[in-house]
Amino acid sequence: MDPHLPAPRALTVVQLPDGTYTYTDPAHLPTPQQVPPQVVQHIHQAPPDRTVQRLALGSGIGAGTVAAGVYFGPLLVGALTAIAANLAILAFLAVALTWGVVTVVKSVGGPDGKAAAASLRKTRRG
């Protein structure tokens, strides 16, 4: 060993933030910081989420309005769905009955029935 050269040191391999690896001198590494243990709160200890109620009550509307929205919101959706279903059934029945009447008048009525069906078609077209 040459006395003029510094003593060899052990190099450490570290991973950089970009994922690459490099050699470094352990004397130049920062000292590790002591991190206090993190307290984990269990899910059954978490308070209930009342964000919507807080926003609603904080914006000036009362608890009765919040309760009415929670209660009547699904009722309104159900009522509108029932009304839409009833209207769809009625529209289907109107189309089916009109088609049936036109078909019967065409087949039973002879030439007069065909003329009546044609005039009915003309009035329906506008």
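I shall begin with the overall layout and then turn to some local features.

This is a predicted model, in which local features need pLDDT of at least 70 and side-chain atom pairs count only at pLDDT 80 or more, while totals for chains, interfaces and linings use all residues. Residues are numbered from 1 along each chain as its sequence is written, and side-chain values use heavy atoms, with hydrogens and water left out.

The protein contains 3 helices and 2 strands; these are DSSP runs numbered from the N terminus, where helices (H or I) have at least four residues and strands (E) at least two. From the N terminus, the order is β-β-α-α-α.

How much of the protein is buried? Of its 126 residues, 6% are buried, meaning under 20% relative accessible area, whereas exposed means over 50% and partly exposed lies in between (1.4 Å probe, protein chains only).

Let us consider the strands. Strand E1, residues 12-15, pairs with strand E2, residues 21-24, in the antiparallel sense over 4 bridges; pairing requires that DSSP finds at least two bridges between two strands. Thr12 has Thr24 in E2 as its bridge partner. The two strands, E1 and E2, form a hairpin with 5 residues between them, and Gly19 in the turn has a positive phi of about 100°.

Next come the aromatic rings. The structure has 1 aromatic pair. The ring centres of Tyr71 and Phe72 are 4.9 Å apart and their planes stand at 80°, so this pair is edge-to-face. Rings of Phe, Tyr and Trp (its six-membered ring) pair if their centres lie within 6.5 Å; planes under 30 degrees apart count as stacked, over 60 as edge-to-face and the rest as tilted. Is Tyr71 buried or exposed? Tyr71 counts as exposed, because its relative accessibility is 53%.

Finally, I turn to helix H2. This helix spans residues 63-108, and Ile89 lies in it.

Thank you for your attention.
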